[in-house]
Amino acid sequence: MICKHNIKRLPSRPKLCMMHVKDLYGLRQNLDFVKDQLHFMWWDWEHDGSVNISGCLCYYLQWQIATQFYASNMSVGSAHFLPLLKRLDECISYVANNPQYADSGVYLVKFRQLQSRALGMVRSHVLSVLKNAASQVQIAIKENASGKAAISEGAETSVLYVRFKAAANEMKPVMEEIESRSSRKEYSQILADCHRLYCEQRLSLVKAIVQQRISEYAKKEPLASLTRSGCAYLMQVCQLEHQLFDHFFPSSSAESSNLASLVDPLCTLLYDTLRPKLIHEADLDLLCELVDILKTEVLEEQLVRRGESVAGLRPTVLRILADVRERLTFRAQTHVRDEIANYFLSTEDLDYPAKLEHAAVIGAGNEAADNSDTVETFYPPLEKTLSCLTKLYRCLEPAIFTGLAQDSVGVCSTSIQRASKLIAKKASPMDGQLFLIKHLLILREQIAPFDIEFAVTHKELDFSHLLEHLRRILRGQASIFDWTRSTSLARTFSPRVLESQVDAKKELEKNLKTTCEEFIMSVTKLVVEPMLSFVTKVTAVKLALSSSGRDKSSEYDNSKPIKHQAFASPDKLEGLVQKVDTAIAQDLPGVVSKMKLYLRNPSTRLILFKPIKSNIVEAHAQVLSLVKSEYSAEDISKIGIRTLSDLQARLDSLS
């Protein structure tokens, strides 16, 4: 039935076709007219110069060309890829800067989609090249290491860097093009992705080899040598990695953070190897040596000399250095506590002056030894204190060293004073005084070069006032909830901050001054005690004579002149002078000899002996003045007191 119906309609088909042909002919005439009109308008605009139609339209017409990115045969390695990508960037820039044109927003979205696809192709290409290069390197590593425990260092450099560089060289032109446009957000992101992919692939190749090399160092070498070798090896690895990175990313290599995801895990391998050894190390000398290696050799010399290529190693070295310093501080505190504060004194440690006499015999004839103190004669806690501080001075931060130095000097000073008391009981009080003076002088002299303040401020919270406040509250004299009064809860329970400053150096100076004064007075009394007693008695008699009423209870006869007093008779005074002369002739040289034994520096002895001489001369001067005023020439001749010039000459000969 359908076929019969269509056969009947066939005669009317030619007429219908002719009508459609006429309509199409009319449309063609209209299109030709519009085309001519547009051509004239375009010609007018082009020659007018106000609008460059061809220039405007060419960016929009690139849409058809850019669709080549969707072609199945298009790849990043193609010769047309980079020019098309560049043209696409130009189109995006133009369309984005001219939003006034019709459909510019639509074209911008399309262009950005194409750009996203193109950059995705770049990322995939880079990942593929890197994986292929890494695969080739891993095969080469297995071939070189076959039958061996580890790949040799020469083969390591050749395989890890030269082979990888050759295998991945095809991505270099693409990376240069991406880096040249890294100022744009899209390219900056893809460049960061490429950096990350590169670091991941390199880390997968290098990490196991670096770990194996550091493990070998740890098995064969002691801690100091391991630290030095490990840092040197990592610097070599960082330098080679930086050179390889610079080959593929020349514009990005100046920024060390771009390689952080590769360098940091490699450096952590050394840190993880060193830390367990550091936290168990107890030797102060070794810890100080490690600080010197890390601070001086690595940070200040090698890293500075090699520049930016090894900058990624710096944070790890600083981290290791901080751990070493922390361990060193702890061990120093333990050393001060055990070896200085709680030092167990032996009989040999207190064998003064025998120890000094023995040292003097050994050093006889050596002029330098005669004028200086030798370490062998030091009190052990003093030697330990000075040795510890000397080692720590350049190894610790100033703030940390200041606290340790303050504690050490205070503890050492206390230990010296304790030993001096024992020596005073065992030998003589003078030996105890000179021992203390000797060692306090050495301590003061040796800590002088340390450019620090030995004053430490301590802050404490004082709650002593709270008891009275609580009593007032309990008696009902104050309220807990009265916030307006000074006895309110907030003010009542607010502690007071008490500050106290402890200056170990000032305390040392104070103790030294006190001991020197005690020694000067003891020697003065040893020599001129009779004269001092005589002057005191004469002064008492003169005061009694000058008073209006006579003191009946006085042991002296106030009615008699001085020379007729029992204690001041010429015979008694003659014996007194002879006794003093004997002390000057016999006792004082012994004191001077003992001073030479303890105080090796002549200038120090001179400073200490000068006030002793002054006191002796002053005592003679007072007695001589009394003798001349109270006694006759015959008595003076009998008494036989020295003139001050003779006495001064005699004392000068002793010093």
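These legends describe close-up views of a predicted model. Residues are numbered from 1 along each chain as its sequence is written, and side-chain values use heavy atoms, without hydrogens or water. In this predicted model, local features need pLDDT of at least 70 and side-chain atom pairs count only at pLDDT 80 or more, while totals for chains, interfaces and linings use all residues.

**View 1. Aromatic rings gather around F164.**
F164, Y198, F245, F248 and F249 are linked by ring pairs into a cluster. Rings of Phe, Tyr and Trp (its six-membered ring) pair if their centres lie within 6.5 Å; planes under 30 degrees apart count as stacked, over 60 as edge-to-face and the rest as tilted. The whole structure holds 14 aromatic pairs. F164 also touches other residues, among them L130, A133, V137 and L205. Contact means heavy atoms within 4.5 Å, and this list for F164 leaves out residues up to four places away in sequence.

**View 2. Two arginines sit over aromatic rings.**
R202 places its charged end over the ring of F164, 4.6 Å from the ring centre. R319 does this with Y271, at 3.8 Å from the centre of that ring. A charge sits over a ring if NZ of Lys or CZ of Arg is within 6 Å of the ring centre and within 35 degrees of the ring normal.

**View 3. R202 meets E241 in a salt bridge.**
The N to O distance of this pair is 2.8 Å. R202 lies in helix α8 (residues 185-220) and E241 in helix α9 (residues 223-248), so the bridge ties together parts 39 residues apart in sequence. A salt bridge is a side-chain nitrogen of Lys or Arg within 4 Å of a carboxyl oxygen of Asp or Glu. Helices (H or I, at least four residues) and strands (E, at least two) are DSSP runs, numbered from the N terminus. R202 is buried at 0% relative accessibility. E241 is buried too, at 1%. Buried means under 20% relative accessible area, exposed over 50%, and partly exposed in between (1.4 Å probe, protein chains only). Leaving aside neighbours within four places in sequence, R202 also contacts L160, Y161, F164, L244 and L262.

D285 and K391 meet at 2.4 Å, N to O. D285 belongs to helix α11 (residues 284-306) and K391 to helix α15 (residues 380-393), so this pair joins parts 106 residues apart in sequence. D285 is partly exposed at 41% relative accessibility, and K391 is partly exposed at 31%. K384 bridges to E339, with the closest N and O atoms 3.5 Å apart. K384 is in helix α15 and E339 in helix α12 (residues 314-341), so here the parts tied together are 45 residues apart in sequence. K384 is partly exposed at 23%, and E339 at 31%.

**View 4. D193, R196 and E200 form a network of salt bridges.**
Across the structure, the count comes to 18 salt bridges.

**View 5. The largest nonpolar core has 165 residues.**
A nonpolar core is a set of buried Ala, Val, Leu, Ile, Met, Phe, Trp, Tyr and Cys residues joined through side-chain atoms within 4.5 Å. F164, Y198, F519, F534 and L588 have the most contacts inside this core. Helix α8 gives the largest share, 15 residues. A second, separate core has six residues, including L88, C91, V95 and F111.
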